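Look at the sequence and the model below before reading on.

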Amino acid sequence: MAYADDNIFAKILRDEIPSFKVYDDEHTLAFMDVMPQAPGHTLVIPKYSAENLLDVDPDFLAATIQVTQKVAGAVKRAFDAPGIMIAQLNGSAAGQTVFHLHFHIIPRHDGVDFKLHAREMEDAGVLEDHAQRIRTAL
Ligand code: 5GP
């Protein structure tokens, strides 16, 4: 399948729709997932038109995973999370719903389940507060 530049993350990269950004550089953007599986759920994407891990330029992948590591540390500190789950889905058969490569950063606490994937929209005020906490921790 060819990359479709009308996907929601391409629109976020072009600032056509708003997002709660936590990190932005030349190659990479990180922002809050609007349907978080746990408080602090953050997404990291390359500023490169790739559907998934298999078709991204390796240099952009390297930049994206380095930022994922950096932002994951900030999410861990901001949410006092003993565990951090990194998820990355390739293809609808794997559950991918937005076809622009992204890494999920999901804080985890002992005995606390995470919510189902892409189900429940979070309040904008809560997302902005969480984004601010992560920016402060970066
Ligand atoms: P995937 O299913 O492709 O691995 O993950 C896509 C993620 O994008 C889901 O976790 C979903 O909650 C999130 N998402 C869907 N639409 C939007 C949106 O408009 N803005 C943001 N920030 N996240 C979105």
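## The helix α2

Which residues are buried in α2? In this predicted model, they are F60, A63, T64, V67, T68, V71, A72, A74, V75 and A78. An α-helix has 3.6 residues a turn, so residues three or four places apart point the same way. The elements that cover the buried residues of α2 include β1, β2, β3 (42–46), β4, β5 and α3.

The length of α2 can be checked. Its 21 residues, at 1.5 Å a residue, should span 30 Å. The C-alpha atoms at its ends are 30 Å apart, which agrees with that value.

Both ends of α2 have a feature to look at. Just after α2 comes D80, with a positive phi of about 50°.

## The nonpolar cores

The largest nonpolar core consists of 17 residues, and V22, V71 and I134 have the most contacts inside it. Two or more residues of this core come from each of β1, β2 (28–32), α2 and α3. The largest share, six residues, is given by α2.

What does V71 touch, leaving aside its neighbours within four places in sequence? V71 is in contact with V22, Y23, A30, T42, I105, I134 and L138. Another core lies apart from the largest one; it has seven residues, including L29, L43, I45 and V98.

Most residues other than glycine have a negative phi. D15 has a positive value, near 60°, and D80 has one of about 50°.

D15 sits in the loop between α1 (8–13) and β1 (21–24). D80 sits in the loop between α2 (58–78) and β4 (83–87). Are they buried or exposed? The relative accessible area of D15 is 57%, so D15 counts as exposed, the cut-off being over 50%. D80 is also exposed, with 65% relative accessibility.

## F114 in its loop

F114 belongs to the loop between β5 (103–108) and α3 (124–137). Its relative accessible area is 35%, so F114 is partly exposed.

Which residues does F114 touch, not counting those up to four places away in sequence? They are Q37, M85 and R108. In sequence, F114 and Q37 are 77 residues apart, but their C-alpha atoms are 5.2 Å apart in space.

Definitions and conventions. Residues numbered from 1 in each chain as written. Predicted model: local features only at pLDDT ≥ 70, side-chain atom pairs only at ≥ 80, totals over all residues. Heavy atoms only, no water. Helix = DSSP H or I, 4+ residues; strand = E, 2+ residues; numbered from the N terminus. Buried < 20%, exposed > 50% of the residue type's maximum accessible area, 1.4 Å probe, protein only. Contact = heavy atoms within 4.5 Å. Core = buried A, V, L, I, M, F, W, Y, C linked by side-chain atoms within 4.5 Å. Expected span 1.5 Å × (residues − 1).
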